[in-house]
Amino acid sequence: MTTTEELLASDRRYIWHPFTQAGTAPDPIPVARAYGAVLEDTEGHQHLDMISSWWTTLHGHAQPEIVEAIHRQAQTVEQVIFAGNTHAPAAELSRRLAHILPGGLNRTFFSDNGSTAVEVALKMALQYCQNVGDSGRTRFLAFDGGYHGDTVGAMSAGVSSQFFDPFNDLLFPVDVAPVPPTFDGDTEIEKREQEALARLDTHLEQYGHSTAAAIIEPLVQGAGGMRMHRPEFLRAVAHRLHHHGVLVIFDEVMTGFGRLGEQFACLKAEVTPDLICLSKGLTGGFLPMALTVTQDYIHDAFLGESIDRAFLHGHSFTANPLACAAALASLDLLEGERCTRQRAHIEQQHRDALAELMKEDVVTRPRVYGTLMAFDVELGDDSGGYRSAAGPWLKRFFREKGLLIRPLGNVVYLMPPFGITDDQLATAYDGLREAVRRLPHELT
């Protein structure tokens with residue numbers, strides 16, 4: 001039996017962790033088992049997973065219905081090449097999503113993760129323009145603060161996030177438009193929206209005819225700092241893009257599957273994109289899988305006699321039957337009345353907790369969409385962002401309290417699994433309150 005120290009020694013010697021500076025980071029938490037909202041380490045200590053393990057664990061860890069669905073599927077077909085073959089879980093998942101997503105989004109292309117779902121959407125949009133004889137449309141438009149993943153196309157679309165400086169020479173040019181973030185009690189948002197829309201109008205007047213597609217995280221820019229914008233703004237943006245013949249891509253990798261209250265952000269905002277990218281919560285967090293869903297008119301533009309007209313893209317584990325089975329079981333839970341009530345209940349508890357947190361001087365810009373709550377902490381001359389001194393201290397503090405919370409610089413957020421209990425949420429809120437009370441004294 002491997003001891004905790006042996007496990008950590010192997011980790012230190014052989015593993016390269018993501019988004020981690022190994023030269024300064026503490027040893028990772030050695031997780032031995034997980035259930036509900038709890039991660040239990042090898043020493044038996046419990047850690048509350050308040051970020052759904054990078055926004056993937058939708059209902060809870062080891063959710064029994066999803067475990068059973070994967071087990072059943074593994075006894076029939078566990079994997080099959082999806083070029084030239086199909087299977088019931090993929091067909092059923094595609095059919096069900098077509099009946100949930102807004103009208104017209106009914107053609108599903110399977111891939112592996114959020115980055116590849118975005119990559120697929122960008123490639124589809126560009127080749128669509130070529131296939132319909134509009135090859136002059138070669139530009140892409142993204143939005144300031146957006147993050148879309150770590151493959152080359154996704155990095156190009158997320159260049160304004162400033163995560164990718166070492167790779168700038170590899171990226172293709174993408175235009176960037178402003179998106180005004182807002183928060184509870186924001187009295188200036190309409191003015192900032194009008195300014196942003198005026199800048200978008202100017203850009204589209206000059207480049208709209210040569211732009212293939214625009215990509216945006218609808219309603220919430222996740223890794224950019226949980227920056228939220230209003231449905232009214234999103235509708236105005238989509239209207240302008242469509243007016244200029246620009247395809248609209250919604251990156252709902254994080255916002256999809258009930259995170260913002262509605263099943264999808266596009267439903268909450270009442271906007272139908274031309275393409276939508278889905279992943280993370282798709283399988284309930286059990287297995288990697290992603291979807292790019294589009295409309296018939298885009299799909300049909302790839303039909304013809306020549307293979308050159310087809311979309312020549314794919315992945316080894318495309319439409320993996322186990323992942324499809326997990327996604328179907330997750331959808332069953334998501335569409336149930338109990339889950340709908342629980343999401344509304346979490347949102348109300350978030351709002352109540354934020355009202356208390358706002359009594360602390362360092363807490364600013366409170367905001368909630370569904371089961372996601374966020375706020376900024378402001379400390380004198382601290383510039384904020386990912387280089388804020390508050391982030392590392394908060395991360396250490398939460399870990400000591402048994403809370404898995406990873407601040408985005410000076411932005412603190414919670415996005416718990418839907419199955420979290422009231423007592424667990426109360427524990428997390430208590431931790432937040434203690435953190436923001438202590439923070440000014442620790443960093444001054």
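Two residues are in contact here when heavy atoms of theirs lie within 4.5 Å. Keep that cut-off in mind as you click through this predicted model.

**Stop 1: the modified lysine**

The UniProt annotation, from an unreviewed entry, reads "modified residue: N6-(pyridoxal phosphate)lysine" and covers K280. You will find K280 in the loop between β11 (275-278) and β12 (290-295). Is K280 buried or partly exposed? K280 counts as partly exposed, because its relative accessibility is 24%, and the limit for buried is under 20%.

Now show what surrounds K280. Leaving out residues up to four places away in sequence, K280 touches W54, W55, T56, V253, M254 and G285.

**Stop 2**

S52 is not a glycine, yet its phi is positive, at about 55 degrees. W55 is likewise a residue other than glycine with a positive phi, in this case near 75 degrees.

Which of the accessibility classes does S52 fall into? S52 counts as buried, because its relative accessibility is 0%. W55 is buried too, with a relative accessible area of 8%.

**Stop 3: zoom out to the domains**

Colour the chain by domain next. Domain 1 is made of two segments, 4-62 and 337-443, while domain 2 covers 66-335. Their centres, taken over C-alpha atoms, are separated by 26 Å. The contact between them takes 32 residues from domain 1 and 36 residues from domain 2.

With the whole chain in view, switch to a cartoon: there are 14 helices and 16 strands. The C-alpha trace spans about 65 × 60 × 45 Å along its principal axes. How does the radius of gyration fit a compact globule? The chain has 22 Å, and a compact globule with 444 residues would have a value near 22 Å, so the two agree.

Of the 444 residues, 53% count as buried. Contacts across the sequence are worth a thought here: among contacts with a separation of 6 or more, 71% are between residues 24 or more positions apart.

**Stop 4: N320**

Select N320, which sits in the loop between α10 (296-300) and α11 (321-334). N320 counts as buried, because its relative accessibility is 11%.

What does N320 touch, not counting residues up to four places away in sequence? The list is E78, Q79, H87 and M289. Show the side chains of N320 and Q79 together, since a polar contact of 3.0 Å joins them.

**Stop 5: T427 on helix α14**

Move on to T427, in helix α14 (residues 422-442). T427 counts as partly exposed, because its relative accessibility is 41%.

T427 and L48 are 379 residues apart in sequence, but their C-alpha atoms are 8.8 Å apart in space. T427 touches both L48 and L403, with residues up to four places away in sequence not counted.

**Stop 6: G385**

End the tour at G385, in the loop between β14 (372-377) and α13 (390-400). G385 counts as partly exposed, because its relative accessibility is 35%. Beyond its neighbours within four places in sequence, G385 is in contact with G409 and N410.

How many residues apart in sequence are G385 and Q348? They are 37 residues apart in sequence, with 28 Å between them in space.

Conventions
Residues numbered from 1 in each chain as written. Predicted model: local features only at pLDDT ≥ 70, side-chain atom pairs only at ≥ 80, totals over all residues. Heavy atoms only, no water. Helix = DSSP H or I, 4+ residues; strand = E, 2+ residues; numbered from the N terminus. Buried < 20%, exposed > 50% of the residue type's maximum accessible area, 1.4 Å probe, protein only. UniProt positions renumbered as here; feature names shortened; annotations may be inferred. Rg over C-alpha atoms; globule rule 2.2 N^0.38 Å. Domains from an automatic or database assignment. Polar contact = N/O pair within 3.5 Å; in protein donor to acceptor, adjacent residues only side chain to side chain.
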